[in-house]
Amino acid sequence: MNNQIAGPSTPPGAGIPDAAEPALRVRDLRVGTDNLDLITDVSFTLAPGERVGLIGESGSGKSLTALALLGLLPEEVKASGSIRLSEVGFDVVGASERQMSKVRGDRMAMVFQEPMTALNPVMQVGDQVAEIMLLHRRQPDRRAARRAAVEMLAKVRLPDPEGAARAYPHQLSGGQRQRVVLAIALANDPAVLLCDEPTTALDVTVQAHMLDLILTGVAERDSALLFITHDLAVVATVCERVLVMYGGRIVESGPIDEVFTRPRHPYTRGLLDASDMDAVDGRGRLHTIPGTVPAAGRFPDGCVFRNRCAHATQQCVQVPPLEHKGARAHACWHPVEEPT
Amino acid sequence: MSEQVNVVSVPVAEPAAARRGSRLNPSLIVGGSIVALIIGAALLSFVWTPYDPTRIDAAARLTSYSGDHWLGTDKFGRDVFSQLLVGARTTLFVGIVAVGIAAVIGTPLGIFAGMGSRWAGEIVMRGNDLLLAFPALLMAIMFAAVYGPSTLTAMAAIGIATVPSFARLARSGTLGVMNTEYVLAARAAGRTRRAIAVRHVLPNISGLVIVQSSVAFAIAILAEAALSFLGFGTRPPTPSWGRMLQESQELLHSAPRLALWPGIAIALAVLGFNLLGDGLRDRFDPRLEVRR
């Protein structure tokens, strides 16, 4: 199955060998403006019920990938490649607004980072949940939708769901609002749930509950989850597989425990070192990755990481291909040695 | 978990009715009362006035305050109080026509300009600028010249001249709303453009539009007064506060009360509608509700 999508320059995404039909298959996704590539050669698949993390520093293209999946790119930014959803007869790339509005919120839904602004401030939250079901004709009429909305709010464990349904967003706390956002996203049992840093804006105590709700939500529906974050600890608790993104490319992918214990790409190594709060260097400081993420368009040719990489050589002027080895893949000419 | 959340969930449990009741504010009460007074006067004038406001009484010219004529009479012996009552009708009619035209045309135009493609927006806004270049009064005088002076043509002109201010305001509000995450979320949920305009943009800019309407209402009242003063607005003998001012002009020294009362009425109406607009915004915008 991997072979049928293999191209000469871009190997297939780290596939799930036994999945009948992936919930989401992204192939050779390229996003950019006329003269600037923002995302290059991104390929991956999500099996139904699979939970995949997408990690990387700010500016590495994570959120843009999510927007591209939903076809919500800004006017001047264009996508090419292919994005296929199960049970959807057309390619998201190049689909019309009318086609996409049937997919969004139905086959594919998204939870945004900022719960304070993701809800319409002048609409009762119950109506906002009900509306999404009415919109995609999951409920016959307004009254039924309203009832189902209260049920959804109860499922995300909002205290007093009846009262919460009548509340306006500003009357709820950040954590409560994010539950409402999750209820809206899960209302129509999407095949793919995208979460863009859904817990970053929340208190640590509330975070854990939110993650729990997301996990239960996707498990009940057998939805595939693409979880975007820069919090490695969160990825480790939520996801089975991880995609590491840098400079608009996927630089490493694989099962989470393997990638996190034996990273191959120096960037992944750097991320892990940087998030280790116990390890210090010779001068007693926490590890960092030297330099900062360049602005879009300022990434070096060849390997995008080579200007920050300690192992970079002349060879890194060439773009390293994403090399697959079992369930894992990495794009590096000088991968971190595997301890054997 | 529930403990964590319950601390901040107090308002949720509160019934909606109680929440709304607590949102009467002073400007709403005062503005509402003034506007109610004007509406009341206009309604009253249909069933009762002390005298026929157009009846000329040569014997009672320029009488001062008295039991017979509460606010005295003008140079034709017409009862000032009766004229004020009937003039309230004109004032309301003027405001409703002018603001109605301006808001109904201007608001959708502004939303379209804010949501549509860059080109559509540019075309609408440049057309808007063109219209804005015409002073409202000049436009009204042009209309009066073409269609003959009447309250309706004057107000249609004022309304059309006020369209740009609504379109501009609606557009800037729309641009703000379109940049919010909940519009992105609504698009991610599969909402179409038209639905976003109706369900998300319009409710979120309605506060702006209401306030703008009340200001435009006040401006329309002033414009009507000015046009009537110039002789392009309400035709005699229909009583209008503006025309009463105009007729009192030559008698300003001998009978200042003739200018005083319509002046007070106009000022009060303008104040009332402004306060009402502020109050309505505070009342109906859930974001401005006092947080606990």
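The exercises below treat charged and nonpolar side chains in a predicted model, each with a worked solution.

**Exercise 1.** Find which residues gather in a patch of positive charge on the surface, and decide whether R98(A) is buried or exposed.

*Solution.* Begin with the members of the patch, which are R98(A), K102(A), R137(A) and R194(B), so that residues of chain A and chain B are listed together.

**Exercise 2.** State how many salt bridges are counted over all chains, and then work out how accessible the two partners R30(A) and D37(A) are.

*Solution.* The count over all chains comes to 21 salt bridges. In one of them, the side chains of R30(A) and D37(A) meet with an N to O distance of 1.8 Å. As to accessibility, R30(A) has a relative value of 26% and counts as partly exposed, and D37(A), at 39%, also counts as partly exposed.

**Exercise 3.** Determine which parts of the chain are linked by the salt bridge between E57(A) and R308(A).

*Solution.* First take the contact itself, in which the closest N and O atoms of E57(A) and R308(A) are 3.2 Å apart. Then locate both ends: E57(A) sits in the loop between β3 (51-55) and α1 (62-70) of chain A, while R308(A) sits in the loop between α10 (266-275) and β10 (323-325) of chain A, so the pair, 251 residues apart, links distant parts of the chain.

**Exercise 4.** Explain what separates D273(A) and R269(A) along helix α10 of chain A.

*Solution.* These two residues form a salt bridge whose closest N and O atoms are 3.1 Å apart. Because they are 4 residues apart in helix α10 of chain A, about one helical turn separates them. D273(A) is partly exposed at a relative accessible area of 25%, and R269(A) counts as partly exposed at 31%. In chain B, by way of shared partners, salt bridges join E122(B), R126(B), D129(B) and R168(B) into one network.

**Exercise 5.** Identify which helix gives the largest share of the nonpolar patch.

*Solution.* The surface patch, of about 540 Å², is made by L37(B), Y65(B), L260(B), I264(B), L268(B) and L271(B). Helix α12 (residues 257-284) of chain B gives the largest share, 4 residues. L268(B) lies in this helix and, at 34% relative accessibility, counts as partly exposed.

Technical notes. Residues numbered from 1 in each chain as written. Chains lettered and ligands numbered in written order. Predicted model: local features only at pLDDT ≥ 70, side-chain atom pairs only at ≥ 80, totals over all residues. Heavy atoms only, no water. Patch = residues over 30% accessible without salt bridge, like charges linked within 9 Å, V, L, I, M, F, W, Y side chains within 5 Å. Areas by Shrake-Rupley, 256 points an atom, 1.4 Å probe, with all protein chains shown as cover. Salt bridge = Lys/Arg side-chain N within 4 Å of Asp/Glu carboxyl O. Lys, Arg positive; Asp, Glu negative; His and termini not counted. Charge placed at Lys NZ, Arg CZ, Asp CG, Glu CD. Buried < 20%, exposed > 50% of the residue type's maximum accessible area, 1.4 Å probe, protein only. Helix = DSSP H or I, 4+ residues; strand = E, 2+ residues; numbered from the N terminus.
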